[in-house]
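Dear colleague,

I am handing over the structure below, and after it you will find some notes on what turned up when I went through it. Please read them with the coordinates open beside you.

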Amino acid sequence: MATDIVKALNKEEAQALTTRIKTSVESLWQLLTEAKERRAWEALNYVSWAEYVRVEFDMNRQRSHQLLNHGVVIHQLT
């Protein structure tokens, strides 16, 4: 049985990965905000935002609102 060996990141790789994560997080809350504001769930025939995020993203309504609120804070800080 082969064992996968995970190579540790060097400083440049770690910084690049960290930047990608930050960009992804920012994109996520922006996209969720757009979906909520523009009522994406209705266009896809969901009865509610909660149903939409549960089915499409395996996320509960509370978690979606945490991410949306996180985005508001980030937006205010930048």
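Trp49 and Tyr52 both belong to helix α3, where they are three residues apart, about one turn of the helix; helices here are DSSP runs of H or I with at least four residues, numbered from the N terminus. An α-helix has 3.6 residues a turn, so residues three or four places apart point the same way.

Two remarks on provenance belong here. This is a predicted model, in which local features need pLDDT of at least 70 and side-chain atom pairs count only at pLDDT 80 or more, while totals for chains, interfaces and linings use all residues. Residues are numbered from 1 along each chain as its sequence is written, and side-chain values use heavy atoms, with hydrogens and water left out.

Helix α3 spans residues 49-57, and Trp49, Tyr52 and Val53 are buried in it (under 20% relative accessible area with a 1.4 Å probe, counting protein chains only; exposed is over 50%, and partly exposed lies in between). These three cover an arc of only 90° around the axis, which puts them on the same side of α3; the arc is that of the directions from the helix axis to the C-beta atoms. After α3 comes Asp58, whose phi is positive, near 50°.

The whole structure holds four aromatic pairs, meaning rings of Phe, Tyr and Trp (its six-membered ring) whose centres lie within 6.5 Å, with planes under 30 degrees apart called stacked, over 60 edge-to-face and the rest tilted. Trp41 and Trp49 form an edge-to-face pair, at 5.8 Å centre to centre and 80° between the planes, and both of these residues are buried. Trp49 also pairs with Tyr52, this time tilted, at 5.5 Å centre to centre and 45° between the planes. Ring pairs link Trp41, Tyr46, Trp49, Tyr52 and Phe57 into a cluster.

As for charges, a search of the whole structure gives two salt bridges (a side-chain nitrogen of Lys or Arg within 4 Å of a carboxyl oxygen of Asp or Glu). One joins the side chains of Glu34 and Arg38 at 3.0 Å, N to O; Glu34 is partly exposed at 39% relative accessibility, whereas Arg38 is exposed at 64%. The other joins Glu42 and Arg39 at 2.7 Å, N to O, where Glu42 is partly exposed at 41% relative accessibility and Arg39 is partly exposed at 41%.

Technical notes:
Helix = DSSP H or I, 4+ residues; strand = E, 2+ residues; numbered from the N terminus.
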